[in-house]
Amino acid sequence: MKMKKMGLALSVVLAAGTILGACGKSDKTGGSASEFTVGMVTDVGGVDDKSFNQSAWEGIQEFGKANNMEKGNKGYNYLQSSSDADYATNLNTMVRQKFDLVYGIGFNLQKAITEIASKHKDTKFAIVDSVVDAPNVASITFKENEGSFLVGVAAGLTTKTNKVGFVGGVKGDLIGKFEAGFVAGVKAVNPEAKVDVQYAGSFAAADKGKAIAASMYGSGADIIYHASGATGNGVFSEAIDEKVQDPNREIWVIGVDKDQHDEGNGKTKDGKAFNITLTSMVKRVDVAVKDLSEKAKENKFPGGKIIEYGLDQNAIGIAPSKDNLKEDVIKKIDEYQQKIAKGEIKVPTKP
């Protein structure tokens with residue numbers, strides 16, 4: 001009898017513990033004692049750069065909302081980097097705040113993530129646009145050259161002066177993919193066109209972007225494709241200023257990363273609205289970040305692997321805003337997109 005009573009008492013205790021444990025759980029994401037959390041460290045340019053960082057943050061926000069998470073240290077959050085000196089500090093802060101998955105947005109964070117990830121092997125990290133060879137780091141890359149080829153086709157068929165420009169942020173392998181794809185796309189449909197290539201040396205120098213654009217437009221270019229983050233804000237600013245000075249001039253900017261249609265909105269001196277965004281090469285960092293976050297949450301984190309996103313995941317392509325593209329140009333872009341997808345065209349990755 002004593003043994004039975006002891007067994008009964010033990011069962012009651014265990015049952016009570018289970019109930020108490022269940023009460024301690026949150027049903028915010030389906031019931032886990034420690035909720036899955038996601039943190040993000042931006043590159044310079046800020047979370048509202050209307051480009052790369054902003055797209056990544058939008059992806060994390062979408063992931064958070066889909067999983068009933070709240071902004072903050074117990075859900076999802078970001079830290080902003082004003083300079084490269086902030087990278088390691090911000091990553092360490094995210095680790096101390098016990099985020100399960102920490103993103104470094106941009107290849108400039110490669111060194112910092114390599115260092116911090118080696119010291120905190122229980123934390124999962126992901127880097128966008130670079131590769132870190134570590135078991136607790138997933139590396140996200142894109143086929144930017146393919147999307148850049150498509151906007152190159154748009155530029156080559158639209159230019160009236162046969163002069164177009166490319167403004168890059170920091171010169172290197174990554175932005176070289178944008179340049180190579182764009183030039184190849186232009187030349188594929190318009191071999192006579194000349195492409196002026198210049199680099200600002202920064203992803204956060206709108207003044208330099210504006211100065212380069214002024215030089216290009218001044219020398220006869222009528223379309224500029226920028227792959228320069230917040231530096232591209234200066235390209236848009238200059239194009240709008242040029243249009244205000246000469247409303248009859250056909251002048252365009254091709255945006256990058258996000259649909260930058262609205263960045264091209266302006267008004268003439270007499271108040272007439274215009275838009276100078278020809279199209280944008282959409283690099284869906286938000287799609288990639290959301291997808292990888294879901295994998296990590298489901299214990300399918302691809303640590304130590306390179307995950308490449310492209311046309312087949314709808315992570316690369318032309319912006320949905322096509323108001324300023326002619327129908328025959330859109331049709332030609334679609335044709336080239338299909339050829340690339342089928343492997344009939346191999347787009348270069350290096351200039």
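One caveat before that. This is a predicted model. Please keep that in mind throughout.

Let's begin with the helix pair. Two packed helices are described by the angle between their axes and the distance between the axes. Here the pair is helix 7, residues 206-218, and helix 8, residues 232-245. Their axes come within 6 Å. The crossing angle is roughly 45°. Angles under 35 degrees would count as roughly parallel, and 65 to 115 as roughly perpendicular. Helix 7 and helix 8 are therefore oblique to each other. As for handedness, helix 7 passes helix 8 in a right-handed crossing.

Which residues make that contact? On the helix 7 side, take Ala206, Gly209, Lys210, Ala213, Ala214 and Tyr217. They meet Asn233, Gly234, Val235, Ser237, Glu238, Ala239, Asp241 and Glu242 in helix 8. Sorted by class, this contact has 6 nonpolar, 4 polar and 4 charged residues.

Two of those residues deserve a second look. Lys210 forms a salt bridge with Glu238. Their closest N and O atoms are 2.9 Å apart. The pair links distant parts of the chain, with Lys210 in helix 7 and Glu238 in helix 8, 28 residues apart. Glu238 has 10%, so it counts as buried.

That brings us to the other salt bridges. How many does the structure hold? The total is 12. Another one joins Arg284 and Asp286, again with the closest N and O atoms 2.9 Å apart. Arg284 is partly exposed, because its relative accessible area is 31%. Asp286 counts as buried, because its relative accessibility is 6%.

Next, a bridge inside one helix. Glu335 pairs with Lys332, and the closest N and O atoms are 3.4 Å apart. Both residues sit in helix 10, residues 327-341. They are 3 residues apart, so about one helical turn separates them. Glu335 is at 33% relative accessibility and so counts as partly exposed. Lys332 is at 31%, so it counts as partly exposed too.

There is also a network. Asp129, Glu144, Lys177 and Lys283 are linked in it by salt bridges.

On to helix 3, residues 86-96. What is buried in helix 3? The buried residues are Tyr87, Asn90, Leu91, Thr93, Met94 and Val95. And what do they pack against? Strand 1 (38-41), strand 2 (76-79), strand 3 (101-105), helix 4 (110-119) and strand 4 (124-128). One backbone detail to check: helix 3 is followed by Lys98, whose phi is positive, near 65°.

Last stop, Ala204. At 41% relative accessibility, Ala204 counts as partly exposed. What does Ala204 touch, leaving aside its neighbours within four places in sequence? Its contacts are Val44, Gly45, Ala230 and Thr231.

Notes:
Residues are numbered from 1 along each chain as its sequence is written. This is a predicted model: local features need pLDDT of at least 70, side-chain atom pairs count only at pLDDT 80 or more; totals for chains, interfaces and linings use all residues. Side-chain values use heavy atoms; hydrogens and water are left out. Axes are lines fitted to C-alpha atoms, for helices over the stretch in contact, and angles run from 0 to 180 degrees between N-to-C directions. Helices (H or I, at least four residues) and strands (E, at least two) are DSSP runs, numbered from the N terminus. Angles under 35 degrees count as roughly parallel, over 145 as roughly antiparallel, 65 to 115 as roughly perpendicular and the rest as oblique. A crossing is left-handed if the near helix is turned anticlockwise from the far one by less than a right angle, and right-handed if clockwise. Contact means heavy atoms within 4.5 Å. Ala, Val, Leu, Ile, Met, Phe, Trp, Tyr, Cys and Pro count as nonpolar, Asp, Glu, Lys and Arg as charged, and the others, Gly among them, as polar. Buried means under 20% relative accessible area, exposed over 50%, partly exposed in between (1.4 Å probe, protein chains only). A salt bridge is a side-chain nitrogen of Lys or Arg within 4 Å of a carboxyl oxygen of Asp or Glu.
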